Amino acid sequence: MRTFRDIPIKQKLVIMNMAATTAALLLAGLGIVLTDSLLFRRYLQRDLSSLAKIIADNSTAALTFNDPRAAAETLGALRARTHVLSACIYRPNGSILARYAPRGSACPAVDRRDEIRFSREGVVVSQGILLTGQRVGTLMLFYDLGEIAERIKLYGSTVFGVLTASSLLALLLSSRLRTVIENPISQLVRASTLVSETGDYGTRAEKLSGDEMGVLVDRFNAMLAGIQSRDDDLKRERERFRFMAESMPQKIFTATPTGDVDYLNRQWVEFAGPGLERIEDWGWAQFVHPEDLEENLRLWRHSIETGEPFHFEHRFRRADGKYRWHLSRAHAMRDAGGKISMWIGSSTDIHEQKEKEEALRRANDDLQQFAYAASHDLQEPIRNVAVYSEIVSRRYHDLLDAEGQQFLGFLKEGGRRLATLVNDLLAYTRAGMAEIVEAPVDSSVVFEHTLASLAEAIRESQATVTCGPLPRVYVGEAHLQQVFQNLIGNALKYRNEKAPCIHVSAVGRGADWCFAVEDNGIGIDPKYKEKIFGVFKRLHHDRNYSGTGIGLAICQRVVERYGGRIWVESQPAKGSTFFFTVPRHAQPGDPAQVESSVG
Ligand code: ADP
């Protein structure tokens, strides 16, 4: 059922007008009728009181002489008042002297209170008849209410007539006037319907009045103009984006917040074939290499859930069925409220680069295997040189002259140096190999292990080695120990006359942990701060600082394997601080998580 709220405004206006007019007129009519009947009652009271007094005064003689005829004549004067039902003159003893009852109505019972009483049947008047102040009888008058009823009828019909006429007039006027209000509203409704149906924000509502409706129409039009200009901007931006996306060499896509790809540029379609144009939802997944698919979907879902950027290397199937490596990235675009409104992404063909890297990696692996095998195999003969030169030195010491003994000394020293060198080379090749890291490694534990293995050197140099709070990191334990061992070992070795004071610390810096190993040793000339990380690069060749020049190269190799970097800040004689970074979180495809054998 339609309620008042749902009917059209024009009907509402008419109903409201009519209701207001009728209510006002009814109230006014009711007021008039009520006031009149009240006033008329008072008038009737006064009128009947004076009529009764006149009759009573004229009846004094008839009562005195007990003359019923004279009394009846006096009462006969009431004939002119058609609403008198009956009138009686009572003697003092209560008997009736004369009666007047034109319609046979009974006389009201005698009542000596001299009053006017209104009842449902009519008005009863009692009036004492006095002679020189003495009561000689009573006049009782019974008057009907017909006069009041007639007046009410008359006023009622007048009010009804006025009401009908004015309602008709109000109806006529309001139907004329309603157009003044209704037309501007209809204009607004028409314009807004047109906008919502056609999406044409160029539509405007016509302003028909200068009142609030006119203001509303102005505001509505201004709002439409604002939306139109924003819509135009949006269209221009969309065009610009499409133009850019179509002219870029990369493959571009956009996706809904839930990850459904809703736009692919020409490069995509050219690459994957027209079948791609028709894909819906996550159908693009069928073009991903089966081996990359699971990880690809996992990462994409993760990005959709968290809003984090998507970054993945995967193979995509070309129209000819061959797969090519792509680097895909996608970023979430957010609206003013921070909610993701769309994803925009690109895929770059990195197939050639990937193949080159793979070839290089294979060559590197071969070289590494060779270096590893060579240094491993060299250990045995070198150990023999050391052992047998020692045996010769012990057994044939007396047979050798001073020169022979000096040569033997050179042989022993050379063997020892060769053994260290081969050991370091072995460590260097190990640094390039991956290590399995199943859980993050507590670097403070690795630090303690390092101290234990350097205990002899620390004791001998009377060094103090301390550390701050150290984090858990995604670096292989053996690799991290190699770095600590070389850096702390160097800090112990390259000391001056003061006892070494070494401090290891770490701070979070962006996505990395930055470690620092600080010493109070001899320091390094800044011009060599790059060079010292090269293999066999040494700044000190005197006997006090023995070494092979491989330690820092090992550190650099390890750190770079994990995507970090290593550098030094130092001044001669002012100590050195070696810094290195490692990522805070496990990286996808992290070398530390790839299984490989070490040693
Ligand atoms: P090695 O210590 O075997 O010579 P490294 O690769 O460890 O080789 O170091 C390379 C060179 O860097 C060293 O020869 C030394 O001159 C310099 N160096 C390394 N660490 C320090 C340090 N803490 N203080 C001063 N010089 C250093």
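Predicted model: local features only at pLDDT ≥ 70, side-chain atom pairs only at ≥ 80, totals over all residues.
Visitor: Which residue does a disulfide join to C88?
Guide: A disulfide is a covalent bond between the sulfur atoms of two cysteines. A pair of sulfur atoms has to lie within 2.5 Å to be counted, and by this rule the count is 1 disulfide. At an S to S distance of 1.3 Å, the residue joined to C88 is C107.

Visitor: How many residues apart are C88 and C107?
Guide: C88 sits in strand β1 (residues 84-90). C107 sits in the loop between β2 (96-100) and β3 (116-118). The pair links distant parts of the chain, and the separation of C88 and C107 is 19 residues.

Visitor: Is the link of C88 and C107 left-handed or right-handed?
Guide: C88 and C107 are both buried. The angle about their S-S bond is 105°, and the link is right-handed.

Visitor: Does C514 count as buried or exposed?
Guide: C514 is in no disulfide, as the nearest cysteine sulfur, that of C555, is 14 Å away. Buried means under 20% relative accessible area. C514 has 3% relative accessibility, so C514 counts as buried.

Visitor: Which cysteine has the sulfur nearest to that of C467?
Guide: C467 has 29% relative accessibility and therefore counts as partly exposed. C467 is in no disulfide. The nearest cysteine sulfur is 13 Å away and belongs to C501.

Visitor: With which residues is V217 in contact, leaving aside its neighbours within four places in sequence?
Guide: V217 lies in helix α5 (residues 212-247), and its 1% relative accessibility means that V217 counts as buried. From V217 to I185 is 32 residues in sequence and 8.6 Å in space, C-alpha to C-alpha. With the sequence neighbours set aside, the contacts of V217 are L188, A205, E206 and K207.

Visitor: Is α1 roughly parallel or roughly antiparallel to α4?
Guide: The axes of helix α1 (residues 9-58) and helix α4 (residues 146-198) come within 8 Å and cross at roughly 160°. Angles over 145 degrees count as roughly antiparallel. Therefore the relation of α1 to α4 is roughly antiparallel.

Terms used
Residues numbered from 1 in each chain as written. Heavy atoms only, no water. Helix = DSSP H or I, 4+ residues; strand = E, 2+ residues; numbered from the N terminus. Buried < 20%, exposed > 50% of the residue type's maximum accessible area, 1.4 Å probe, protein only. Contact = heavy atoms within 4.5 Å. Axes fitted to C-alpha atoms, helices over the stretch in contact; angles between N-to-C directions. Parallel < 35°, antiparallel > 145°, perpendicular 65-115°, else oblique.
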